[in-house]
Amino acid sequence: MATNAELLPGTLDLLILKAVSLSPLHGYGALQRIQQISRGALAIEQGALYPALHRLEEQGVLASEWRLSDNNRRAKFYRLTASGRKRLREEADSWKRLAAAMALVLGTRPGEI
């Protein structure tokens with residue numbers, strides 16, 4: 001995609017949960033995974049990412065452990081907890097419903113109502 005999309009309020013947590021659900025990741029890895037799966041449309045700033053990771057860990061939806069990264073540096077790797085998997089399902093379902101409703105509204109043409 002040519003330009004980055006702006007994140008709507010409340011979407012960063014969902015994006016992180018989805019990225020980490022695919023495999024355990026360290027913080028920068030989560031940032032890269034989000035960019036990868038959005039085909040570059042979503043660029044997350046590190047200044048927003050790390051506080052969100054910390055908040056999600058405090059909420060109990062992410063767990064972490066220190067491990068060596070691919071470049072042999074010590075990094076905190078995050079994974080979903082059971083409550084994290086539940087929250088991901090609930091939030092994803094909610095966003096899918098909203099996206100479907102928005103598509104209906106935006107697709108309406110004059111004379112269809």
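## Helix α1 and its surroundings

The buried residues of helix α1 pack against β1, α2, α3 (46-58), β2, β3 and α4 (82-107). Here, buried stands for under 20% relative accessible area, exposed for over 50%, and partly exposed for what lies in between, using a 1.4 Å probe and protein chains only; contact means heavy atoms within 4.5 Å. Those buried residues of α1 are T11, L12, D13, L14, I16, L17, A19 and V20. Helices (H or I, at least four residues) and strands (E, at least two) are DSSP runs, numbered from the N terminus.

Please keep in mind that this is a predicted model, in which local features need pLDDT of at least 70 and side-chain atom pairs count only at pLDDT 80 or more, while totals for chains, interfaces and linings use all residues. Residues are numbered from 1 along each chain as its sequence is written, and side-chain values use heavy atoms, with hydrogens and water left out.

With 12 residues, α1 reaches 17 Å from its first C-alpha to its last, close to the 16 Å expected at 1.5 Å a residue. The expected span is 1.5 Å times one less than the number of residues in the helix.

Two packed helices are described by the angle between their axes and the distance between the axes. Axes are lines fitted to C-alpha atoms, for helices over the stretch in contact, and angles run from 0 to 180 degrees between N-to-C directions. The axes of α1 (residues 11-22) and α2 (residues 27-37) come within 9 Å and cross at roughly 95 degrees. The two helices are therefore roughly perpendicular to each other; that label covers 65 to 115 degrees, whereas angles under 35 count as roughly parallel, over 145 as roughly antiparallel and the rest as oblique. On the α1 side, L15, I16, K18, A19 and L22 meet A30, R33, I34 and I37 of α2. This contact of α1 with α2 divides into 7 nonpolar, no polar and 2 charged residues. Ala, Val, Leu, Ile, Met, Phe, Trp, Tyr, Cys and Pro count as nonpolar, Asp, Glu, Lys and Arg as charged, and the others, Gly among them, as polar.

The axes of α1 and α3 come within 10 Å and cross at roughly 75 degrees, which makes α1 roughly perpendicular to α3. L12, D13, I16 and L17 of α1 make this contact with A48, L49, A52, L53, R55 and L56 of α3. By class, the α1 contact with α3 has 8 nonpolar, no polar and 2 charged residues.

## The three-stranded sheet

The 3 strands form an open sheet in the order β1-β3-β2, with antiparallel pairing. At the edges are β1 (25-26) and β2 (62-68), each pairing on one side only. Two strands count as paired if DSSP finds at least two bridges between them.

Antiparallel β1 and β3 (residues 74-80) are joined by 2 bridges, and L25 stands opposite Y78 in β3. Between β2 and β3, also antiparallel, there are 7 bridges; A63 has R79 of β3 as its bridge partner. β2 and β3 form a hairpin with 5 residues between them, and N72 in the turn has a positive phi of about 65 degrees.

## Helix α4

The 26 residues of α4 should span 38 Å at 1.5 Å a residue, and its end C-alpha atoms are 37 Å apart, which agrees. G84, R87 and L88 are the buried residues of α4, and what covers them includes α1, α3 and β3.

E90 also belongs to α4. This residue is partly exposed, with a relative accessible area of 44%. Its C-alpha atom is separated by 9.9 Å from that of L14, although E90 and L14 are 76 residues apart along the chain.
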